[in-house]
Amino acid sequence: MAIKLNDTYVKQFIAEDELAGMAPQIKAAQEMLTNRSGLGNDFLGWIDLPVNYDREEFARIEKAAEKIRNDSDVLIVIGIGGSYLGARAAIELLKSPFYNNLKKDTPDIYFVGNNINPTYLNEILSLCEGKDVSVNIISKSGTTTEPALAFRVFREFLINKYGAEEAKKRIYATTDKARGTLKELSDAEGYETFVIPDDVGGRFSVLTAVGLLPIAVSGACIRSLMEGAAAAREAYAEPDLEKNDCYKYVAYRNALYRKGKAIEILVSYDPAFAMMAEWFKQLYGESEGKDKKGLYPSSAIFSTDLHSMGQFIQDGARVMFETVVDIKEPKKDFFIKADPTNFDGLNFLSEKNMSEVNRKAMQGTILAHTEGGVPNLVLEMPKIDEFELGYLIYFFEKACGLSGYVLGVNPFNQPGVESYKKNMFALLNKPGYEKEKAALEAKLGA
Ligand code: PA5
């Protein structure tokens with residue numbers, strides 16, 4: 001069983017010949033990936049990663065995860081963007097959004113360095129009091145401000161708690177194989193290091209040590225995760241658009257974009273999927289949103305958001321389509337019993353599993369939104385486990401690379417991310433930014 005694209009609810013918006021008309025563009029995009037002839041072709045390492053990863057390092061990741069599970073109550077994962085979202089998304093989906101509060105024999109996992117909020121940092125520091133702690137600092141460049149700042153704090157925390165020598169044994173650095181401040185420090189201090197390959201960009205890095213170490217610490221099976229991704233890699237090598245759901249997804253979303261549907265809402269009926277949607281948003285937003293082009297990726301958890309954004313989606317500006325991730329089987333179902341008095345009039349729901357009610361809500365919503373002019377693509381995921389997640393991750397990664405090429409952008413760079421950094425550095429007196437400071441302060445009226 002694997003991910004399946006159900007296009008029933010998009011067919012009234014995209015005719016068969018329109019879809020077929022996309023085939024040559026998908027083929028050309030696929031050739032650019034295969035021949036490594038497109039823009040950003042030095043960042044295509046993710047394509048073969050599921051079959052072509054460093055086995056020796058993989059075994060070291062499993063060993064390090066085991067050590068962390070044995071000697072730590074808490075793992076602090078420091079990273080931002082692609083060095084953060086995939087691990088958190090996978091842990092919340094495979095384990096639970098309440099992972100840290102569950103009874104378990106694996107460490108709590110907290111993510112820091114993904115913002116610059118002092119309250120957030122203070123609260124996590126206080127959660128570490130009296131606990132045995134390890135730290136996984138993840139930064140490809142090794143210079144990103146948010147994680148670097150958080151690492152400074154947690155390194156000091158470990159040194160104060162354990163002394164310099166023991167602290168070194170509790171720090172795991174995931175970074176570039178040769179370059180950067182973090183790599184230099186790790187070599188000097190003797191931290192165990194893991195590599196973010198040169199040819200894998202941050203948002204495509206969840207299946208490298210970036211994602212694998214934290215995911216393994218949570219007790220999830222990273223071997224099955226890789227197997228799922230490898231199965232998807234094989235399935236999506238199929239050249240025929242009609243038989244390749246990944247290609248079809250790319251074709252539909254680009255055809256919809258050309259018809260003015262510039263917003264894609266990734267929908268799930270499982271709150272545990274919320275962080276996966278954040279991962280998806282980074283993957284697509286950073287890959288496609290450039291040169292004044294791109295689909296704006298957004299997300300919703302239903303039925304929760306049907307009581308907030310539902311009004312807009314049903315009735316507002318017709319600028320969006322939905323991609324619904326339909327998880328066929330919940331991890332734990334709930335049987336709704338009958339109440340003899342039927343005091344709330346809800347006995348029409350009784351003697352059913354709650355997943356059935358959730359499913360009817362999904363079916364009803366798909367019909368209502370489609371009738372309201374919002375095309376719906378449905379991605380059927382059989383269940384939540386490591387294999388299926390690996391499969392889904394590869395599906396979205398491959399579709400993203402292809403989609404960027406169909407759109408005519410370089411899907412593997414992110415030049416726009418630099419603008420806020422430059423302004424922030426100038427305003428904070430970072431050496432080298434003196435000239436910009438005065439102009440920015442004048443604009444702020446400072
Ligand atoms: O996708 C990307 O490249 C970015 O989101 C980066 O992952 C993010 O900016 C963090 O960069 P780094 O790992 O260099 O600290």
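Two strands count as paired if DSSP finds at least two bridges between them. The legends below apply this criterion to a predicted model.

**View 1. Overall fold of the predicted protein model.** The protein contains 16 helices and twelve strands. Its C-alpha trace spans about 60 × 60 × 55 Å along the principal axes. The radius of gyration is 23 Å, which agrees with the value near 22 Å that a compact globule of 446 residues would have. Of the 446 residues, 43% count as buried. Among contacts between residues at least 6 apart in sequence, 77% join residues at least 24 apart.

**View 2. The five-stranded open sheet with parallel pairing.** The strands are arranged in the order S3-S2-S4-S5-S6. Strand S3 (108–112) and strand S6 (192–195) stand at the edges; each has a single partner strand, so one side of each lacks a neighbour in the sheet. On average, neighbouring strands of this sheet are turned by 20 degrees against each other, direction ignored. Strand S2 (residues 74–78) runs parallel to S3 and is joined to S3 by five bridges. Within this pairing, Ile78 has Val112 of S3 as its bridge partner.

**View 3. Residues around the ligand.** The shell around the ligand comprises 14 residues, of which Gly81, Gly82, Ser141, Thr144 and Gly202 come nearest. By class, this shell has two nonpolar, nine polar and three charged residues.

**View 4. The buried helix H8.** Helix H8 covers residues 209–217, and nine of its nine residues are buried. The buried residues are Ala209, Val210, Gly211, Leu212, Leu213, Pro214, Ile215, Ala216 and Val217. H8 is followed by Gly219, which has a positive phi, near 95 degrees.

**View 5. Strand S9 and its parallel partners S7 and S12.** Strand S9 (residues 320–329) is mostly covered, with seven of its ten residues buried. Six bridges connect S9 to strand S7 (residues 263–268), and the two strands run parallel. In this pairing, Ile263 has Met320 of S9 as its bridge partner. Seven bridges link S9 to strand S12 (residues 376–383), again in parallel. Val324 stands opposite Val378 of S12.

View 6. Met320 is classed as buried because 22 other C-beta atoms lie within 10 Å, the cut-off for a buried residue being 20 or more. Leaving aside neighbours within four places in sequence, Met320 is in contact with Lys261, Ile263, Ile265, Ile313 and Val374. One of these contacts, Ile263, is also the bridge partner of Met320. Tyr296 lies 24 residues from Met320 along the chain, and the C-alpha atoms of the two residues are separated by 9.1 Å.

How values were computed. Residues numbered from 1 in each chain as written. Predicted model: local features only at pLDDT ≥ 70, side-chain atom pairs only at ≥ 80, totals over all residues. Buried ≥ 20, exposed ≤ 12 C-beta atoms within 10 Å, placed from the backbone. Helix = DSSP H or I, 4+ residues; strand = E, 2+ residues; numbered from the N terminus. Axes fitted to C-alpha atoms, helices over the stretch in contact; angles between N-to-C directions. Near = placed C-beta within 6 Å. Nonpolar A, V, L, I, M, F, W, Y, C, P; charged D, E, K, R; others polar. Rg over C-alpha atoms; globule rule 2.2 N^0.38 Å. Contact = placed C-beta atoms within 7 Å.
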